[in-house]
Amino acid sequence: MAFQNLEYLLGLLLLVPITLLFVFLLRWKRKVRKQIGDEDLVKSLVKDYSPKYFRLKFFVFIAALALCVIGAANLRKPKAGASGNKAGIDVMVVLDVSNSMLAQDIKPNRLERAKQVLNKLVDQLEDNRMGLVVFAGQAFLQMPLTADLASAKMFISNASPSAVPVQGTVIGDALRLANASLDTKERKYKAVILVTDGEDHDEKVEAASDELAEFGVVVHAIGIGSPDGAPIFDEVINDYKKDLQGNVVVSKLNEKDLQLVAQKTGGEYVLFNSPDEVVTRIMNELNQMDKKQVGGGEQRSYDSYFQWFLLVALVLLLVEVFIPERRIKWFGAK
């Protein structure tokens, strides 16, 4: 076992001045009592006060504070069989979050089903590293390459059209950003998983595909939607989106561009039908790729114990609140 953030333990030094202040407070109280002089008067004034409980409250508080500091340092141990040196590849997920992904030809909508696929995919990535790019009319790097797949799920769950202020479908720009986020010095061990309805034809797609192929990036495209299409429900106006002429906008899956990207980079195009089937096909392709050492101490899997320290600290703080400073008069006592 070891602490992840060993430097946080320096926070325990704060307990020293806090304890000294408490000692000075006790001395000041004794000094005030002596200055009053009349011992009987002092006793009558503080007859219900309990020095024992007062000290107990402080010791409980200081123990809770110490546990919080230790919890922040995160005591952890490597999981059984969790080696720091593993063979894998680098995978950049490129997720379309444009408004067209809210179309409901796939229930509840395209974006939610895309997230479902990606979450299942993350569960099987294991020793591989992953990053995330979201795009609509612009492309943004949401998460750089990391082996922390739990964080990847958090970023995926938060992906929405509001993450990109400009609407559209710039697949070419998104692919270039994904390529730049990978190791451009290598010519293999890299894959991009493009998840989109490809609604708008992007003239940059073909050039971007050629560029990624030159860098050895394999692109697997997942088409979300249906060729027949569906209207886009706008939750803000509580109605379907309409064009300037008042006609309901129908968003259709554009498979042509996605098939082109996969073909040019040596990847596979998969039409969404069920999450399990899509993930199986994509993982089969990823598992066949050459792998590199992606290990390192920071990429090991750990069991953390910080939550137990924080739980005990919380219990102690609750206990401290209910410890009185006055003497407890038990039933029958005079």
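## A residue between α4 and β5

Glu126 sits in the loop between α4 and β5. Its phi is positive, about 50°, although Glu126 is not a glycine. Is Glu126 buried or exposed? Its relative accessibility is 60%, so Glu126 counts as exposed. The structure is a predicted model.

Asn74 lies in the loop between α3 (51–73) and β2. Phi of Asn74 is near 60°, again a positive value in a residue other than glycine. Yet Asn74 is buried, with a relative accessible area of 7%. The cut-offs explain the two labels: buried means under 20% relative accessible area, and exposed means over 50%.

## The whole chain

The protein chain holds 10 helices and 15 strands. It has 334 residues, and buried residues make up 40% of them.

How much of the contact comes from residues 24 or more positions apart? Take the contacts in the protein chain with a separation of 6 or more. Residues 24 or more positions apart account for 82% of these.

Strand β4 covers residues 90–96. This strand is mostly covered: 7 of its 7 residues are buried.

Which strands pair with β4? One is β5 (residues 129–135), which runs parallel to β4 and is joined to it by 7 bridges. Within this pair, Met92 has Gly131 of β5 as its bridge partner. Another is β7 (residues 190–196), which pairs with β4 in the parallel sense over 6 bridges. Here Val94 has Leu194 of β7 as its bridge partner.

## From β4 to β5

What lies in the unit that β4 and β5 make with a helix? The helix is α4 (residues 110–125), and β4, α4 and β5 make a right-handed β-α-β unit.

The loop between β4 and α4 is the place of Pro108. The peptide bond from Lys107 to Pro108 is cis, and its omega is near -5°.

## A sheet of three strands

Another set of strands forms an open sheet. Its 3 strands come in the order β1-β2-β15, and the pairing is antiparallel. Which strands are at the edges? They are β1 (2–3) and β15 (302–304), each pairing on one side only.

Follow the bridges on each side of β2. β1 and β2 run antiparallel and are joined by 2 bridges. Ala2 stands opposite Arg76 in β2. On the other pairing, 3 bridges join β2 (residues 75–78) to β15, also antiparallel. Arg76 has Ser304 of β15 as its bridge partner. Lys77 stands opposite Asp303 in β15.

## Two helices in contact

Helix α6 spans residues 171–181, and helix α7 spans residues 205–214. Their axes come within 8 Å and cross at roughly 15°. Angles under 35 degrees count as roughly parallel, so α6 is roughly parallel to α7. The crossing of α6 past α7 is left-handed.

Which residues make the contact? From α6 come Ile171, Gly172, Leu175, Arg176 and Asn179. From α7 come Val205, Ala207, Ala208, Ser209, Glu211 and Leu212.

How values were computed: Residues numbered from 1 in each chain as written. Predicted model: local features only at pLDDT ≥ 70, side-chain atom pairs only at ≥ 80, totals over all residues. Heavy atoms only, no water. Buried < 20%, exposed > 50% of the residue type's maximum accessible area, 1.4 Å probe, protein only. Helix = DSSP H or I, 4+ residues; strand = E, 2+ residues; numbered from the N terminus. Pairing = 2+ DSSP bridges. Right-handed = clockwise from strand over helix to strand, strands pointing away. Axes fitted to C-alpha atoms, helices over the stretch in contact; angles between N-to-C directions. Parallel < 35°, antiparallel > 145°, perpendicular 65-115°, else oblique. Left-handed = near helix turned anticlockwise from the far one by under 90°. Contact = heavy atoms within 4.5 Å.
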